[in-house]
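Please look over the sequence and the structure shown here before reading on. The report below treats a few of its features in turn.

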Amino acid sequence: MVENLEYYKVFYYVGKLSSITLAAKELSISQPAVSQSIHQLEKGLGCSLFQRTSRGMKLTSEGSLLYRYVERGYEQIELGEQRLRQMQHLDAGEVRIGASDMTLRFFLLPYLEKFHELYPGIKVTVTNGPTPETLQYLNEDRIDFGVISAPFTEREGYSYFPVSTIEDTFVAGRRFIQYKNKTLDFSDLKKIPLILLEGNSSTRNYIDKFLSSHNVDIQPEFELSTSDMIVQFALRNLGVGCVVKDFAKEYLDSGVLFELRFNSMIPKRDICVITDQTRPLSLAATQLLKLIEPHK
């Protein structure tokens with residue numbers, strides 16, 4: 001059993017330098033203190049670790065065996081201290097983020113680019129998934145923070161702040177040109193083939209609840225896993241797609257797709273950064289949040 005790690009530290013330096021004098025100088029202690037530490041270690045282990053020679057302190061066979069293990073352990077401690085200093089100066093470390101395709105593409109990506117330019121030695125890991133999955137990853141400590149879209153269920157101990165807004169819209173191609181510039185009621189959607197995200201996402205939950213508040217229960221023609229695919233299906237006139245407007249902006253601006261207009265607006269919603277206040281953030285994660293948070 002290790003009774004005094006300080007003895008092993010002294011043993012390491014005497015073995016490394018083959019000298020009590022040099023070890024004392026390295027450790028900033030007296031030579032008698034070095035000799036006493038070696039004596040106490042030998043007494044505790046029941047064997048001689050050094051023999052004095054004209055060239056200094058030479059390890060015995062028992063001492064050589066012990067030194068090989070102590071050397072590895074001590075070098076690992078030094079390496080750990082070095083890595084810690086690198087993390088403290090943001091020369092190393094890791095940030096673990098949870099984000100959906102939408103929040104990554106339309107909000108987070110520019111910040112990651114800037115962060116990488118400032119701190120190239122820090123590894124950034126992005127776990128991709130919809131808001132419910134991201135919240136689960138945060139709960140399981142698989143990510144440091146999440147970038148999610150409302151709505152979401154608030155949890156005790158979690159803190160969040162909004163960073164941007166998004167707008168949901170229904171987009172269509174030339175097959176549905178009769179609806180262009182026409183003011184519709186949301187009940188008209190029952191007559192139109194719809195393309196929506198699959199159910200396990202904040203976007204789908206939001207649209208379902210919003211339409212339900214207008215007494216509209218819809219049955220989509222297609223349910224897809226990504227908003228990009230919804231836009232592609234709409235471009236091919238397979239139905240009217242419900243997406244966050246940014247996904248279709250290029251095609252809306254060019255006139256290839258158009259937005260359906262309704263007699264009331266779909267309220268905008270927030271993109272939020274969420275953290276678990278019960279767990280401390282790494283220095284790297286804290287620094288990335290500092291880049292993001294002033295824009296809240």
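The model is predicted, so local features need pLDDT of at least 70 and side-chain atom pairs count only at pLDDT 80 or more, while totals for chains, interfaces and linings use all residues. Residues are numbered from 1 along each chain as its sequence is written, and side-chain values use heavy atoms, with hydrogens and water left out.

**Helix pair.** Helices (H or I, at least four residues) and strands (E, at least two) are DSSP runs, numbered from the N terminus. Helix α1 (residues 5-17) packs against helix α2 (residues 20-27) at about 130 degrees, and their axes are 8 Å apart. The two helices are therefore oblique to each other; angles under 35 degrees count as roughly parallel, over 145 as roughly antiparallel, 65 to 115 as roughly perpendicular and the rest as oblique. In the contact (heavy atoms within 4.5 Å), the residues of α1 include Tyr13 and Leu17, and those of α2 include Leu22 and Leu27.

**Pocket.** Ser100, Pro130, Leu197, Ser201 and Ser225 lie nearest the centre of the largest pocket, which is lined by 21 residues. At least two lining residues come from each of α5 (101-118), α6 (131-139) and α7 (202-213).

| Residue | Value | Place |

Terms used:
On a 1 Å grid over the protein atoms alone, a cavity is a set of points where a 1.4 Å probe fits but cannot get out, and a pocket is an open set with protein on both sides within 12 Å along at least five of seven lines; lining residues have an atom within 4 Å of a point. Axes are lines fitted to C-alpha atoms, for helices over the stretch in contact, and angles run from 0 to 180 degrees between N-to-C directions.
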